[in-house]
Amino acid sequence: MPELPEVETTRRGIRPALVGRRIEKFDLREPRLRWPVEPRLAAEIAGQRVVDVRRRAKYLLIDLERGTLIAHLGMSGSLRVLPATAPRLLHDHYDLVLDSGRCLRFNDPRRFGSLHWSPGDPEDHELLAGLGPEPLEPSFDADHLARLARGRKVAVKLFLMDQRVVVGVGNIYASEALFRAGVRPRRAAGRLRRAEWEKVVEAVREVLADAIRQGGTTLRDYVNADGTPGYFRQELHVYERTGEPCRRCATPIRHLVQGQRSTYFCPACQR
Ligand SMILES: [Zn+2]
């Protein structure tokens, strides 16, 4: 599943081909995505110029002159820039046809992706309102985490994956960040000390920044905007390494299930 680094990698990949271009038409083949694509969307966006391509959590925000397209890749989606004449494949659901002769094409075998139109500030859209801070921005810090965690018994791993606490820390990155911070994933969030929150913040930032630098983690069906896989997978310390030796201390990595998701940790390095 594309996580924050993959979405950021996509943003960086598609942005140069989009900004400054005018949308000639919106070509929708399959409106039945996670939520149906609104029929009025094609008429709303035709003729508008792309002003910027941003990211909020795992949403790509394509700013046009009179509003913003809010795109989500879902579980298996990808957005690629292609010649507008490139033959469509199975699971190609929409094209944003640009005046450059190219298009932004969305492919998504499982159709959990989505596309919305926000005529106003996208931060006020129901999908984005109420989201926590971006993990790579200064408002995500130890004070913020300690304040929200006060008195809470929820496991720290699940706490970090709560989008109201911080956005974009998915399953892989939560396990990896807690390894780097030396914190056991099952500890109650309310019991972490201040110094531990500082390590968690630093570790979340590092793990996401490393993954973005390397183009996202390679997962089964993920490819970047230009079709190349990410290379972060080789850098994983604990994720899907059950029984293999810890890269720091050689203790076998352990596995447990939290909130129906797999968690991996080193029983020696994490306390
Ligand atoms: Zn270890």
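Residues are numbered from 1 along each chain as its sequence is written, and side-chain values use heavy atoms, with hydrogens and water left out. Because the model is predicted, local features need pLDDT of at least 70 and side-chain atom pairs count only at pLDDT 80 or more, while totals for chains, interfaces and linings use all residues.

Visitor: Which strands stand at the edges of the open sheet?
Guide: The open sheet has four antiparallel strands in the order β2-β3-β4-β8, where strands are DSSP runs of E of at least two residues, numbered from the N terminus, and two strands pair if DSSP finds at least two bridges between them.

Visitor: Which residue in β8 is the bridge partner of T68?
Guide: Strand β4, residues 67-72, pairs with β8 in the antiparallel sense over five bridges. In β8, the bridge partner of T68 is S118.

Visitor: Which residue takes a positive phi in the hairpin of β9 and β10?
Guide: Strands β9 (residues 254-258) and β10 (residues 261-265) run antiparallel and are joined by five bridges, with R254 opposite F265. Two residues lie between these strands, and the one with a positive phi, near 55°, is G259.

Visitor: How many charged residues are in the lining of the largest pocket?
Guide: Asp, Glu, Lys and Arg count as charged, Ala, Val, Leu, Ile, Met, Phe, Trp, Tyr, Cys and Pro as nonpolar, and the others, Gly among them, as polar. Beside nine nonpolar and seven polar residues, the charged ones in this lining number four.
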